[in-house]
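Here is a brief report on selected side-chain features. Please look over the sequence and the structure first.

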Amino acid sequence: MVVVIILLVLAIVLIAVSLRIVPESSCAVIEFLGSFKVVWQKGLHFKIPLLERIRKYVSLKEQVADFPPQPVITKDNVTMQIDTVVYYKIFDPRLYTYGVENPVNALENLTATTLRNIIGDMELDETLTSRDTINGKMQTILDEATDAWGIKVNRVELKNIIPPREIQEAMEKQMKAEREKRQTLLEAEAHQQSVVARAKGDKEAKILAAEATRDAAIAIATGEAEKIRLVYEAEANGIRKLKEAGTDESVLALKRIEAMKDIANGRATKIFMPTDMTNFATELGTVSELLGTAAATKDNGPLPAEPKAADVCCDDAEKSAVTKEMVRKN
């Protein structure tokens, strides 16, 4: 009875020891009597005691290897320190276990040699400005070389590029000079834009002032024209009403003379009068003088003698003669 219990306990212990659980994103490489047998994926598995053993647990997640800086020499003989970061993933646990001893160390050495080969064909300036090119070349070379190790290289990044101190000082001076040059160019460009904007503003101001003067002159001329038109229309309406009222020719002639006087308004140097109007004005002045003399004799007796300068008849006759002479000459 005791023996049975002991055997039962031993069986339980062996079963418990032989049960293995493989977690998510991992796998286990199993050997049977020292040779590869199978790869266990995630889940519960049973291992034959004493005959099978787990050689290695392998992570299937993407891993990051940050390698220390490596000294490299450029094509123009400048020594720099460059450290790289490699993102890789294990796609074949068997090759990863049996393909190479210490795969991470092998990947680091391969990365260093590949980096030296690529940088050796490039100059310093090209190295500093061609990170993407270097990353692409290294990723292609490493991915192809690590296929036999069961490793898939997804990305390679240059973390730091550290040139010598003398090169850094020269680069800083160059950067400072470039920034000063850029600042000078920007200031010159800003000054140019300011001058151009000021000139455009002056030009537009002058154009607006000229347009305002033109519009004012047009408005004044339009007002004067409208004024003259209204005066003419008023005169024409007055003459028309006189004609409608049956006014004789003498009154109409006087209205014409008054209209011409208003038109001249002190600004004209010459007035051209029709011949018939001149004759009529002379006759009208003579008749007016005769009528005035007759009326005075009839009512109050003979008129007293007046100075010659006050003789309206003579003055009008002389003015009429002068007017006729001016018309004849012109």
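## Basis

This is a predicted model: local features need pLDDT of at least 70, side-chain atom pairs count only at pLDDT 80 or more, and totals for chains, interfaces and linings use all residues. Residues are numbered from 1 along each chain as its sequence is written, and side-chain values use heavy atoms, with hydrogens and water left out.

## Nonpolar patch

Met1, Val2, Val3, Ile5, Ile6, Leu7, Val9, Leu10, Val13 and Val17 make a nonpolar surface patch of about 980 Å². Patch residues have over 30% relative accessible area and no salt bridge, and nonpolar side chains are joined within 5 Å. A salt bridge here is a side-chain nitrogen of Lys or Arg within 4 Å of a carboxyl oxygen of Asp or Glu. Areas come from the Shrake-Rupley method with a 1.4 Å probe.

Leu10 lies in helix H1 (residues 2-18); helices are DSSP runs (H or I) of at least four residues, strands (E) of at least two.

## Ring contacts

The count is one aromatic pair. Phe36 and Tyr98 have ring centres 6.1 Å apart and planes at 80 degrees, so the pair is edge-to-face (centres within 6.5 Å, planes over 60 degrees apart). Phe36 is in strand E3 (residues 35-40) and Tyr98 in helix H2 (residues 93-98), so the pair ties together parts 62 residues apart in sequence.

The charged end of Arg155 sits over the ring of Tyr87, 4.3 Å from its centre (CZ of Arg within 6 Å of the ring centre and within 35 degrees of the ring normal).

## Ser130

Ser130 lies in the loop between helix H4 (124-129) and helix H5 (131-145). Ser130 is buried, at 14% relative accessible area (buried means under 20%).

Conventions. Patches are made of residues with over 30% relative accessible area and no salt bridge: like charges are joined within 9 Å, nonpolar side chains (Val, Leu, Ile, Met, Phe, Trp, Tyr) within 5 Å. Rings of Phe, Tyr and Trp (its six-membered ring) pair if their centres lie within 6.5 Å; planes under 30 degrees apart count as stacked, over 60 as edge-to-face and the rest as tilted. Buried means under 20% relative accessible area, exposed over 50%, partly exposed in between (1.4 Å probe, protein chains only).
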